[in-house]
Amino acid sequence: MARRALITGITGQDGSYLAEHLLEQGYEVWGLVRGQANPRVSRMRKLLTEVRVVRGDLLDQGSLISAVERVQPDEVYNLGAISFVPMSWEQAELTAEVTGMGVLRMLEAIRVCSGVSRGGSTSEQIRFYQASSSEMFGQVSETPQTEATAFHPRSPYGVAKAYGHFLTQNYRESYGMYAVSGILFNHESPRRGAEFVTRKVSLGVARIKLGLATELRLGNLEARRDWGYAGDYVKAMHLMLRAGKPEDYVIGTGRMKSVRELVEAAFTAAGLDWERYVVTDQTLHRPAEVDLLCADPKKARAQLGWEPQVPFDELVAMMVESDLRLLTDGGDPHDEGSWP
């Protein structure tokens, strides 16, 4: 009998790649969505015709219990969140409710539906994956960052993710649940939302190349991140839930690149000189900046056998080429139905 997975946030970048990967592994895949009339669901179905949909909302405890009871999953992947960091200052309360409290509600749904009591065995339980984030490290105390590095989040998003991370640990230790967190560093793809800096850059380069724009406005060019390919990172999520015991893992490449290097790579992929087109804009800086993030993925490499496959320059070129095709064909960058 096929294993069954329930994914929250399935209409996003990570959810789509994870669904594809699990389908390839022979899973029956379900996606939690807020309503069957959601236009993002219809666009998702063009890409993921084999995914089944169940109603539920991370803001509503009862709906999550109903969803888990209906699906009877072997694995739950909680990828749903208010995930655009700048928005978390504008909608801090909603970010806390969805990105933070949503984790509590899903853990409680699993606990209630599984009949888990304190000290229970993890052997036949629903296995839970929480999408933690490198933004929890924030103002870093050491570089690179490991599973033991202290958190100092610098945004409402990072704070909410830290709450969900510690709560996942707490349910694992208090109830014996198979509950793990993947501390994922920045992971990108052609499916990344247009508001994120990597996609903003690839779209900006494509527009300039096609004569649709004359400049690209960006904030802090010196911020440094550990960027990888989302399609690689979802495989790590799956490996965490198939491991012999529940543990948390840092997932990243172990190599940092600045926003400036991202820009250079993107313009180079299009055969353009970035300095002719890029304008720095102080209004685009964060209220509290995170200057650098770099993963130490040795534990994942040693215990899961996970390695990133797509290098930085190849990832950036992939995104630029995808957006050139998208805009040439008249596609809408905000329409997930345009995903390759």
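The following questions and answers cover a strand, some salt bridges and a charged patch in a predicted model.

Residues are numbered from 1 along each chain as its sequence is written, and side-chain values use heavy atoms, without hydrogens and water. In this predicted model local features need pLDDT of at least 70 and side-chain atom pairs pLDDT 80 or more, while totals for chains, interfaces and linings use all residues.

Visitor: Is strand β6 (residues 179–184) largely enclosed or open, and how many of its residues are buried?
Guide: Buried means under 20% relative accessible area, exposed over 50%, and partly exposed in between (1.4 Å probe, protein chains only). Strands are DSSP runs of E with at least two residues, and helices are runs of H or I with at least four, numbered from the N terminus. Strand β6 is largely enclosed by the rest of the structure, because its buried residues number six of the six.

Visitor: Which residues of β6 lie on each side?
Guide: In a regular strand the side chains alternate between the two faces of the sheet. Both faces of β6 are covered by the structure, with buried residues on each. One side has Ala 179, Ser 181 and Ile 183, and the other has Val 180, Gly 182 and Leu 184.

Visitor: Which residue stands opposite Leu 184 of β6?
Guide: Strand β5 (residues 127–133) pairs with β6 in the parallel sense over six bridges; pairing requires at least two DSSP bridges between the strands. Opposite Leu 184 stands Ser 133.

Visitor: Are Arg 192 and Glu 188 buried or exposed?
Guide: Their side chains meet in a salt bridge, at 2.8 Å from N to O. A salt bridge is a side-chain nitrogen of Lys or Arg within 4 Å of a carboxyl oxygen of Asp or Glu. Arg 192 and Glu 188 are both buried.

Visitor: How many residues apart are Glu 222 and Arg 260?
Guide: Glu 222 forms a salt bridge with Arg 260, with the closest N and O atoms 2.2 Å apart. The pair links distant parts of the chain: Glu 222 is in the loop between β8 (216–218) and β9 (224–225), and Arg 260 is in helix α9. Glu 222 is partly exposed at 43% relative accessible area, and Arg 260 is partly exposed at 28%.

Visitor: How many salt bridges does the structure hold?
Guide: Arg 3, Glu 75 and Arg 242 are linked in a network of salt bridges. For the structure, the number of salt bridges is 17.

Visitor: What is the relative accessibility of Asp 273?
Guide: Asp 273 is placed in the loop between α9 (259–269) and β13 (278–280). Asp 273 counts as partly exposed, because its relative accessibility is 39%.
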